[in-house]
Amino acid sequence: MIAALGRIPAQGGQSPPGLLGYFSAHRTEVLHWLWWHAWLSVLPVLIGLVVSLPLGYLASRRRWAYPALVSVSGLLYTIPSLALFVAMPSILGTKILDPVNVVVALSIYTVALLARVVADGLGAVPEDVAQAATAMGYTPLQRLAKVDLPLAVPVITAGLRVAVVANVSLVAIAATIGVPELGQLFTNGFQLSSTGPYYPPIVLGIVLCVVLALVLDLVIVLVNRALTPWRRTEAHR
Amino acid sequence: MIVFESVTKRYPGGTVAVDHLDLEAPKGRITVLVGPSGCGKTTSLRMVNRMVEPTSGRVLIDGADTAASPPAALRRGIGYVIQHSGLLPHRTVLDNIATVPLLLGTDRRRARSRAMELLERVGLTPALAKRYPAQLSGGQQQRVGVARALAADPPVMLMDEPFSAVDPVVREQLQNEFLRLQEELGKTIVFVTHDIDEAIKLGDRIAVLRVGGRLAQVASPAELLARPVDAFVAAFVGRDRGYRALGFAAVSSLPFEREETVRLGEALATARDRLNGGWVLVVDAEDRPQGWLSEDGARLAAQETVTEDALNLGGTLATEDGSLRELLDAALSSPSGRGVVTDGEGRLLGSISPSTAVRLIEERSSAPAGAPGTGEEA
Ligand SMILES: Nc1ncnc2c1ncn2[C@@H]1O[C@H](COP(=O)(O)OP(=O)(O)OP(=O)(O)O)[C@@H](O)[C@H]1O
Ligand SMILES: [Mg+2]
């Protein structure tokens, strides 16, 4: 990343229009877009997680619910994201430029991904552990909160990592419908390239997306580690 | 006391796992359910704490129908131990043991200090308290499982093959400690196993189930060995049941003979003088038998005195107030042909020949208790 930051402007020749030059010239709006991009990536994951927990729980407990969940979520994933962004205003009654459209659309994708992950995670609790917990006298809800969910954390966070990274790239598409985020850099780059290739905004957009994805991923990894101290010991078995 | 009243369990799909079971598990005693795989042992056990609901019939604990208590509350009053411990992988050993007290609303400090006591009670060092289950051996996990079941001091314990997933040496240790613990605690225990030897060792009463979930026989271990009711029970109890039944026959007024001995460290010449039939028994300073020294052993020894490495350790020891089985085994296993008998402290009393042991067995067989092995087997 650092190497790329240094090299690209050198290739570009003169330093003011290079990557860093472009960044310092557009500092305020780029940071604004980065901030929005981060929010638009994270918020749907949080909403999606909250919705996925009860759905996944249901799917892990009712025999009919799991296959239904798998087919519905598969179906949702086949809808192109741009189509979903464009369709949202007519479904929600929002304005076309409203970022809510993006949040809702990406929340739907996240649910499609996470509900199944939650169901798998809750279903993967070892049978003897589940039986023993029931025999100790946990009520079904206590068991869910104190046994099944904590044990499903590693599976769920693995799903969250996929969802967050996917969202970072999906959010960029929303620039096409005018939502302020890093995708604007690509739009700008294409516009400025009309007379000849002009890379700085495009490269800057890619670099910032990758950095954002890596940082969010790292946050989830750290949260997972904090929530699952028992897993660090398994290697010593 | 736990009472099964004509309890039947038919699973969806039609399998009848338990068929009109009538059984009593007396208060403060270990009742063992034993039988071949799939005969409904686990199902019967789980109907006590309502993990499985009977299709018909009732299960009563101290006269109260279990169907009347809410399942979670009922279960908190019943200890439960299973084969692969079922410890919660995300909780430390201490918190695992404290599970039920915490569910019952005991405050965390008290629950933990009680858990610490139990940890030691089941023979684990306090150093293990902060570990996670994955950091324990299988045997240690089982001990933690037992401690967890005991934590809320429930009067009733259900144990489903708790010792069958550990190696035979550890299993024997766990069984012995379990008996010692039960001696102190006097819980009402229903214990499931498919191993008849374990059933005989641990059970005060043994219920043999046959496939299809029907009760074949309920009896004390000695009675089961002596008088199996039918061919199925006889075959299940095993071919050497006659010999094993001797394990329940106590010996009184043993006619043992005096045995010449030599102490460790005494001159080999003395040992050679005392040889009897080519063997002399070696004892330590407190008169505890250490092993047999043979004529050859005395001749080939490197030192001039009797040392441990020259001894034959083949023979088992019988105690004065032990069983006929112990006595016969001591006589049969002894390299000299003379079985060594000791007192309760392990000091030598004398020896006994196989023919004397057999005479004692014959005297017992002619008593009205009845000879074992009157079944169909040759
Ligand atoms: N949940 C279930 N649904 C349907 N059938 C079951 C269920 N659980 C057990 N069975 C059947 O009921 C019978 C008794 O099972 P159970 O588990 O009580 O046997 P067991 O004596 O404990 O056997 P093992 O020694 O192998 O543990 C078996 O035929 C088994 O297949
Ligand atoms: Mg079983």
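Predicted model: local features only at pLDDT ≥ 70, side-chain atom pairs only at ≥ 80, totals over all residues.
Let's start at ligand 1, where a polar side-chain atom of Tyr11(B) lies 3.4 Å from a nitrogen atom of the ligand. That counts as a polar contact, meaning a pair of N or O atoms within 3.5 Å (within protein, one must be able to donate a hydrogen and the other to accept it, and residues adjacent in sequence count only if both atoms are side-chain atoms).

Residues are numbered from 1 along each chain as its sequence is written, chains are lettered from A and ligands numbered from 1 in the order in which they are written, and side-chain values use heavy atoms, with hydrogens and water left out.

Who else surrounds the ligand? The shell includes Thr15(B), Ala17(B), Ser37(B), Lys41(B) and Glu161(B), where a residue is near if one of its heavy atoms lies within 4 Å. By class, the shell has three nonpolar, six polar and two charged residues. Here Ala, Val, Leu, Ile, Met, Phe, Trp, Tyr, Cys and Pro count as nonpolar, Asp, Glu, Lys and Arg as charged, and the others, Gly among them, as polar. Helix H1 (residues 41-48) of chain B gives the largest share of the shell, three residues. Helices (H or I, at least four residues) and strands (E, at least two) are DSSP runs, numbered from the N terminus.

H1(B) lies across S1, S2 and S4 of chain B, at about 120° to S1(B). Contact here means heavy atoms within 4.5 Å; axes are lines fitted to C-alpha atoms, for helices over the stretch in contact, and angles run from 0 to 180 degrees between N-to-C directions. The sheet itself is open, with four strands in the order S2-S1-S4-S5 (chain B) and antiparallel pairing. Its edge strands are S2 (16-25) and S5 (64-65) of chain B, each pairing on one side only. Two strands pair if DSSP finds at least two bridges between them.

Inside this sheet, six bridges join S1(B) to S2(B), with Arg10(B) standing opposite Val16(B). Their hairpin has five residues between the strands, and Gly13(B) takes a positive phi near 110° there. On to S4(B): S1(B) pairs with that strand over five bridges in the antiparallel sense. Glu5(B) stands opposite Arg58(B), and Phe4(B) has Val59(B) as its bridge partner.

Further along chain B, S9 (residues 205-210) and S10 (residues 214-219) pair in the antiparallel sense over five bridges. These two form a hairpin with three residues between them, and Gly212(B) in the turn has a positive phi of about 100°.

Next comes an open sheet of three strands in the order S14-S15-S16 (chain B), with mixed pairing. S14 (317-319) and S16 (348-352) of chain B are the edge strands, and the twist averages 35° from one strand to the next. S14(B) and S15(B) run parallel, joined by three bridges. Helix H14 (residues 324-333) of chain B lies across S14, S15 and S16 of chain B, at about 150° to S14(B).

Finally, chain A has 10 helices and zero strands. Its C-alpha trace spans about 75 × 50 × 25 Å along its principal axes.
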